[in-house]
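Work through these exercises with the sequence and the 3D view open. Try each task before you read its solution.

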Amino acid sequence: MQRSTSEAALLRLAATLRDGGYRFITPTPATHERVNRRAGNAWARGVEDVFGWSRPFREGVLAPGIVALMEEAGVLARAGEDWRSLVRLSSLGDALFLHSAYPTDAADAVFFGPDTYRFASALDAHLAARPAPVRRAVDIGCGAGPGAVLIALSRPGAEVLAVDINEAALRLTRVNAALAGADNIAAHRRDLLSGVPGQFDLIVSNPPYLVDPAARAYRHGGGPLGAGLSLAIVAAAPARLAPGGTLLLYTGAAVVNGTDPFRMAAAERLRGQGIRWTYCEVDPDVFGEELAGGAYAETDRIAAVVLTATKQE
């Protein structure tokens with residue numbers, strides 16, 4: 001695959017950190033903020049502080065070769081003696097994934113965090129239990145590419161597509177796939193499956209599912225209580241699944257007065273499609289801070305859920 005100079009430098013940077021033993025588990029933004037506010041955490045003292053905690057650093061904290069690669073990749077921001085990385089690296093199993101630095105305020109920010117780990121766990125479990133072959137798969141709204149990479153590594157003979165509307169996400173997916181040695185991934189700019197031909201044995205997605213006033217691509221799901229994008233995926237998937245093919249959707253569901261409107265709407269879209277499906281809450285309470293007002297003023301809780309829908313053969 002042809003890579004730009006900056007992508008090649010970014011790949012070398014990530015590989016250098018990986019080969020040096022770098023590891024970092026990314027927490028929620030709220031935890032990230034609390035830890036960075038602690039005394040002594042204002043400035044980075046090592047690579048995990050720079051590339052994990054997104055702390056500012058001064059000259060001499062990183063090896064000159066790493067700084068040179070950051071400059072070549074265009075991910076070093078300087079303001080006097082305040083230097084910062086524009087990317088983070090997070091561990092997922094034995095792999096590393098590049099994504100946007102904290103805080104993820106930009107409209108095209110590429111997110112990675114606890115939702116990613118839950119999504120990856122659900123996908124790993126599905127792949128481990130799946131008897132049917134995966135010849136062709138797609139990760140819708142791929143972000144940094146963890147879903148596509150997990151499928152590609154588990155099924156090296158499969159054709160794996162990674163699609164997103166965010167060019168920054170596609171750039172990082174390409175680099176992360178190369179870093180993981182997943183050479184059977186193709187990343188394309190697409191809106192859901194528009195412009196993507198054919199059927200799939202496996203469709204996966206971890207879409208944005210919140211109502212975000214800033215409408216950031218990684219966070220704003222649109223529609224009722226943020227469910228718009230997730231419901232669009234549920235509606236589109238049945239026609240694009242091969243016989244025996246499966247949609248695995250990890251998303252969030254706002255529970256209102258004890259009922260789950262997303263589950264009911266998903267069931268309506270799957271009815272009469274020749275689909276058998278399961279629905280599981282994998283975490284009953286995420287993003288509790290969103291309940292303070294706004295779109296979620298009447299919401300009991302937001303649950304992390306996994307919907308698995310399989311087309312009958």
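This is a predicted model: local features need pLDDT of at least 70, side-chain atom pairs count only at pLDDT 80 or more; totals for chains, interfaces and linings use all residues.

**Exercise 1. Helices H1 and H4**

Task: Find how H1 and H4 are oriented to each other, and list the residues that meet.

Solution: 
- Step 1. Locate the helices. H1 covers residues 5–19 and H4 covers residues 64–73.
- Step 2. Read the geometry. Their axes lie 7 Å apart, at an angle of about 150 degrees.
- Step 3. Apply the cut-off. Angles over 145 degrees count as roughly antiparallel. H1 and H4 are therefore roughly antiparallel to each other.
- Step 4. H1 crosses H4 in a left-handed way.
- Step 5. List the contact. H1 brings Thr-5, Ser-6, Ala-9, Leu-10, Arg-12, Leu-13, Thr-16 and Leu-17. H4 brings Ile-66, Leu-69, Met-70, Glu-72 and Ala-73.
- Step 6. Sort by class. The contact of H1 with H4 holds eight nonpolar, three polar and two charged residues.

**Exercise 2. Helices H5 and H6**

Task: Are H5 and H6 roughly parallel or roughly antiparallel?

Solution: 
- Step 1. Locate the helices. H5 spans residues 114–129, and H6 spans residues 146–154.
- Step 2. Read the geometry. The two axes come within 10 Å and cross at roughly 25 degrees.
- Step 3. Apply the cut-off. H5 is roughly parallel to H6, because angles under 35 degrees count as roughly parallel.
- Step 4. The crossing of H5 past H6 is right-handed.
- Step 5. List the contact. From H5 come Thr-116, Phe-119, Ala-120, Leu-123, Asp-124 and Leu-127. From H6 come Pro-146, Gly-147, Leu-150, Ile-151 and Ser-154.
- Step 6. Sort by class. The contact of H5 with H6 has seven nonpolar, three polar and one charged residues.

**Exercise 3. Helices H8 and H9**

Task: Describe the packing of H8 and H9.

Solution: 
- Step 1. Locate the helices. H8 runs over 228–240. H9 is made of residues 261–270.
- Step 2. Read the geometry. The axes of H8 and H9 are 9 Å apart, and the angle is about 20 degrees.
- Step 3. Draw the conclusion. H8 and H9 are therefore roughly parallel to each other. Their crossing is right-handed.
- Step 4. List the contact. Ser-230, Leu-231, Val-234, Ala-235 and Pro-238 take part from H8. Phe-262, Ala-265, Ala-266, Arg-269 and Leu-270 take part from H9.
- Step 5. Sort by class. The contact of H8 with H9 has eight nonpolar, one polar and one charged residues.

**Exercise 4. The largest pocket**

Task: Which helix gives the most to the lining of the largest pocket?

Solution: 
- Step 1. Start with the volume. The largest pocket holds about 860 Å³ of space.
- Step 2. Find the centre. The pocket has 44 lining residues, and the closest to its centre are Phe-111, Pro-208, Ala-217, Tyr-218 and Arg-219.
- Step 3. List the contributors. H2 (29–37), H5, S5 (136–140), S6 (159–164) and H8 each supply at least two residues of the lining.
- Step 4. Pick the helix. H5 gives the most, with three residues.
- Step 5. Sort by class. The lining divides into 25 nonpolar, nine polar and 10 charged residues.

**Exercise 5. The largest cavity**

Task: Which residues line the largest cavity?

Solution: 
- Step 1. Count. There is one cavity of 30 Å³ or more.
- Step 2. Give the volume. The largest cavity holds about 30 Å³ of space.
- Step 3. Name the lining. It consists of Pro-27, Thr-28, Pro-29, His-32, Arg-88, Tyr-102, Thr-104 and Phe-111.
- Step 4. Sort by class. Four lining residues of this cavity are nonpolar, three are polar and one is charged.

Key
Residues are numbered from 1 along each chain as its sequence is written. Side-chain values use heavy atoms; hydrogens and water are left out. On a 1 Å grid over the protein atoms alone, a cavity is a set of points where a 1.4 Å probe fits but cannot get out, and a pocket is an open set with protein on both sides within 12 Å along at least five of seven lines; lining residues have an atom within 4 Å of a point. Grid points are joined across faces, edges and corners, and a volume is the space filled by probe spheres set on the points. Ala, Val, Leu, Ile, Met, Phe, Trp, Tyr, Cys and Pro count as nonpolar, Asp, Glu, Lys and Arg as charged, and the others, Gly among them, as polar. Axes are lines fitted to C-alpha atoms, for helices over the stretch in contact, and angles run from 0 to 180 degrees between N-to-C directions. Helices (H or I, at least four residues) and strands (E, at least two) are DSSP runs, numbered from the N terminus. Angles under 35 degrees count as roughly parallel, over 145 as roughly antiparallel, 65 to 115 as roughly perpendicular and the rest as oblique. A crossing is left-handed if the near helix is turned anticlockwise from the far one by less than a right angle, and right-handed if clockwise. Contact means heavy atoms within 4.5 Å.
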